[in-house]
Amino acid sequence: MSILTFIIVSVIKIVLVIFVLLTAVAYTVWLERKVVGRMQNRWGPTRVGPFGLLQPAADGVKFLFKEDLTPPHVYKPLYIAAPMLAVIFAITSIAVIPFGNWVTVGNISTPLQITDVNIGLLIVLGITSLGVYGVALSGWSSNSKYSLLGGLRASAQMVSYEIALGLSLVGVLILAGTFSLRGIVDAQAGHFWGFIPNWFIFRGGQIVAFFIYLTAAYAETNRIPFDLPEAETELVAGYHTEYSAMKFAMFFMAEYSNMITVACIASLLFLGGWRGPVFGPFWLQEILPLFWFMLRVFVFLFIYIWVRGTLPRFRYDQLMAFGWKFLLPVSIANLVITALVVALK
Amino acid sequence: MIPLSYYLVLSGILFACGVMGFLIKRNIITIFMSIELMLNGVNLSFVAFAAKWGQLSGQVFVFFVMVVAAAEAAVGLAIIIAVFRTRETLNIDRVNLLKL
Amino acid sequence: MLHLVLFSVFGAICVAGAVNLLVQRHPINSALSLVVVMASLAAEYLLLGAEFVAAVQVIVYAGAIMVLFVFVIMLLNAGEEERTTGSHVAWLLGIPGMLTGGIIICWALLRHANAGEASIGALPGHPNDIAQLLFHEFLLPFEVTSILVLIAIMGAVVLAAGPDSESKRRVE
């Protein structure tokens, strides 16, 4: 493939993925409002379009036209830059996530992934660590008590749970032997005992790591039960108190993009990625892996929203104690046991 | 293909900026950050020479430098917090007497 | 050619960040310039092929150590710097001194160091190979640094907790 073809194909992939991601973010908001509404025995959005499906569009228009006021006491450069940083880091990590196998159109063969780096998982972890800056800087630059407290609490929480998050993934890395996300999915090929797929959650025994990852991911994305930094009844709105209109929408987009990234990584590492029954004509065979991947991501997002509708939130000291005194030792124990089993084989 | 000395020059410039920051700044935290800048310059030197001699030990040593920098940053910032608690200032020109 | 362009771009960002760290008066701006320096240094490591080191630089240095710095700046509510007599003397002597030193070092390195050339990705630092070195030849330093980090954690907790929290706990 020549350089020009490569660049054109990559640009097409980038545009497509960003479009799909932003639409997915908008409709995750819709899904959350509907599901939480139904759990609380009410309808959720129903007026705008059938089943309220045009509600995200209405919300987008509202955010664009709302008055974007900047309070006079903020530290302007960081106040404006912080939501942009949050969104940039949230959207960048989708660049290394594979969605399916290689597709061949005409004589151009390309993987369904913007770029396959052989340290893909480390890049996702690195971008997650950089995501703390958006929260911390927004809290500080708003120059108000609630924002500062919310920002400090959120950054301390995110930094603490990053460790458990990373360590829970190392068990998968030991089993797969590579950091490349496509390589990790390829290591989960095949079946054992006839019909049970070879996913790391079954064959690799990483079920404990899966739950640690899920819990740490809830804390990383500041979702219930770990959403004290942005809880309405506790801290007005935490680190995004002083933000309005588009900047507030950017924080929302960043949070839901992080949720989608976490769901993608969980389905790639623990649930076998895009593996599933493939049948039918040629064009269907190229689309089906994508469909299986989206199904897994959808299941994860549903579990996220389900937990949000069900559980109360942790108090801050309970939250930090849980992260350091329970999750971290359990993830280290999981790592040691996985390493022992692999070494003794 | 560029001469390796370009990387060394960049590393030297970063180190010189770090030393300059250490000498001219008066805020304790900024002085600490200049120390981290010096450590980063040295890391670049290590990786450049690892590439020249073809030995991965240079890159492994960068790890150890990072770990030591992390430990030093943690303890140093804790000391800064302790100093701030008693002296109520972050300006090192005001922390010049043993007596408070 | 591409190597030179990429090196110059990231090198210029590095130096600009370092100079910005010196010039800014508020420590939060210096901290953010240092994060920019670290990110562009990670790109420079990638140019030399050290992919694992670049990833760890972003995760550990830019994502954890600098967050700690930003945290402390936020906590202590550090304001802008003041100008005292000490700082004036340091400006007068320090800047010319270090400029001279820096120029001499650069001249010596460019003219007389026969260091050879480096290509893009000169020494691929795959995680596998680095792990082999780390756990076989450098096992002792590895274990010793882990003990060092443990000591640092305990020291930081004791120092930052302060003397009054102990007496408060006894009173309760």
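**Exercise 1.** Work out how the axes of helix H2 (residues 27–47) of chain C and helix H3 (residues 51–76) of chain C are placed: how far apart do they come, and at what angle do they cross?

*Solution.* Start with the axes, which are lines fitted to C-alpha atoms, for helices over the stretch in contact, with angles from 0 to 180 degrees between N-to-C directions. The two axes come within 8 Å and cross at roughly 175°. Angles over 145 degrees count as roughly antiparallel, so H2(C) is roughly antiparallel to H3(C). Next, look at who touches whom, where contact means C-beta atoms, placed from the backbone, within 7 Å. H2(C) brings residues including Leu34(C), Met38(C) and Tyr45(C), and H3(C) brings, among them, Tyr61(C), Phe69(C) and Ile73(C). Finally, sort by class: this contact has 20 nonpolar, one polar and one charged residues. Here Ala, Val, Leu, Ile, Met, Phe, Trp, Tyr, Cys and Pro count as nonpolar, Asp, Glu, Lys and Arg as charged, and the others, Gly among them, as polar.

A quick note before moving on: this is a predicted model, in which local features need pLDDT of at least 70 and side-chain atom pairs pLDDT 80 or more, while totals for chains, interfaces and linings use all residues. Residues are numbered from 1 along each chain as its sequence is written, and chains are lettered from A and ligands numbered from 1 in the order in which they are written.

**Exercise 2.** Describe the side of chain B that touches chain C: which element gives the most to it?

*Solution.* First, the totals: 62 residues of chain B contact 74 residues of chain C. Then the elements, which are DSSP runs numbered from the N terminus (helices: H or I, at least four residues; strands: E, at least two). Strand S1 (2–3) and helices H1 (4–24), H2 (28–53) and H3 (57–87) of chain B each supply at least two residues. H3(B) gives the most, with 23 residues. By class, this side of chain B has 47 nonpolar, ten polar and five charged residues.

S1(B) runs antiparallel to strand S1 (residues 117–118) of chain C, joined by two bridges. Ile2(B) has Ala118(C) as its bridge partner.

**Exercise 3.** Find the hairpin in chain A and say which residue takes a positive phi.

*Solution.* Strands S1 (residues 100–105) and S2 (residues 108–112) of chain A pair antiparallel over five bridges. One pair to check is Thr104(A) with Ser109(A). Two residues sit between the strands, and Gly106(A) takes a positive phi near 65°.

Key
Two residues are in contact if their C-beta atoms, placed from the backbone, lie within 7 Å. Two strands pair if DSSP finds at least two bridges between them. Angles under 35 degrees count as roughly parallel, over 145 as roughly antiparallel, 65 to 115 as roughly perpendicular and the rest as oblique.
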